[in-house]
Amino acid sequence: SRSNSNNMFAGVRTWQFESVCSTFILLNCITIGIQSHEEAAGSLGPGVYTFLFVSEHVFTAFFLAEMVLRLNVYGWRVYLPTSTEGRSNLLDAFLVIFTGVLI
């Protein structure tokens, strides 16, 4: 029923959800920095490569799940570029879909 669906997604509207998402963004930035440094230094060993490869997929899956949850809670209008928040959400969606999922 509709009320069960609302209860299932209620956590998306909390500061804890935003904190988890922000933490994943920070961790993703750190791994991108590590990857850039290792590639520039030419010292991308097999263990580091595997870690970066796996973490990239974990981050992509997390950000895709976040996008789907937000879409279920807020609806598709949250991605309309009619406000600063809408443009930011649309940019996030493009980044997840085009750089994470399709590439």
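This is a predicted model: local features need pLDDT of at least 70, side-chain atom pairs count only at pLDDT 80 or more; totals for chains, interfaces and linings use all residues.
**Entry 1: E38**

Residues are numbered from 1 along each chain as its sequence is written, and side-chain values use heavy atoms, with hydrogens and water left out.

I took buried as under 20% relative accessible area, exposed as over 50% and partly exposed as in between, with a 1.4 Å probe and protein chains only. A salt bridge, in these notes, is a side-chain nitrogen of Lys or Arg within 4 Å of a carboxyl oxygen of Asp or Glu.

I placed E38 in helix 2, residues 15-41; helices are DSSP runs (H or I, at least four residues), as strands are (E, at least two), numbered from the N terminus. Not counting residues up to four places away in sequence, E38 touches S43, L44 and V48, where contact means heavy atoms within 4.5 Å.

**Entry 2: salt bridges**

How many salt bridges does a search of the whole structure find? I found 2 of them. In one, E18 pairs with R70, and the closest N and O atoms are 2.9 Å apart. E18 lies in helix 2 and R70 in helix 3, so this pair ties together parts that are 52 residues apart in sequence. I noted E18 as partly exposed, with a relative accessible area of 34%, whereas R70 counts as buried at 15%.

In the other, E66 forms a salt bridge with R70, again with the closest N and O atoms 2.9 Å apart. E66 and R70 are separated by about one helical turn, because they are 4 residues apart in helix 3. Both E66 and R70 are buried. Through shared partners, the salt bridges join E18, E66 and R70 into one network.

I then listed what surrounds R70. Leaving aside neighbours within four places in sequence, R70 is in contact with V12, F17, E18, C21, G75 and Y79. As a distance check, the C-alpha atoms of R70 and L102, 32 residues apart along the chain, are separated by 20 Å.

**Entry 3: the largest pocket**

What volume of space lies in the largest pocket? I recorded about 740 Å³. The search ran on a 1 Å grid over the protein atoms alone, where a pocket is an open set of points with protein on both sides within 12 Å along at least five of seven lines, while a cavity is a set where a 1.4 Å probe fits but cannot get out; lining residues have an atom within 4 Å of a point. Grid points are joined across faces, edges and corners, and the volume is the space filled by probe spheres set on the points.

The largest pocket is lined by 27 residues, and the closest to its centre are N28, F63, D92, L95 and V96. The elements that give two or more residues to this lining are helix 2, helix 3 (46-74) and helix 4 (84-101). Helix 3 gives the most, with 10 residues. By class I counted 13 nonpolar, 9 polar and 5 charged residues in the lining, taking Ala, Val, Leu, Ile, Met, Phe, Trp, Tyr, Cys and Pro as nonpolar, Asp, Glu, Lys and Arg as charged, and the others, Gly among them, as polar.

From this list I followed D92, whose place is in helix 4. D92 is partly exposed, with a relative accessible area of 42%. The C-alpha atoms of D92 and T60 are separated by 12 Å, at 32 residues apart along the chain.

Beyond neighbours within four places in sequence, N89 is in contact with V78 and Y79. N89 and M67 are 22 residues apart in sequence and, C-alpha to C-alpha, 8.9 Å apart in space.

Is F9 buried or exposed? F9 counts as buried, at 15% relative accessibility, and lies in the loop between helix 1 (2-8) and helix 2. Not counting residues up to four places away in sequence, F9 touches L69, N72 and V73. The C-alpha atoms of F9 and G75, 66 residues apart along the chain, are separated by 12 Å.
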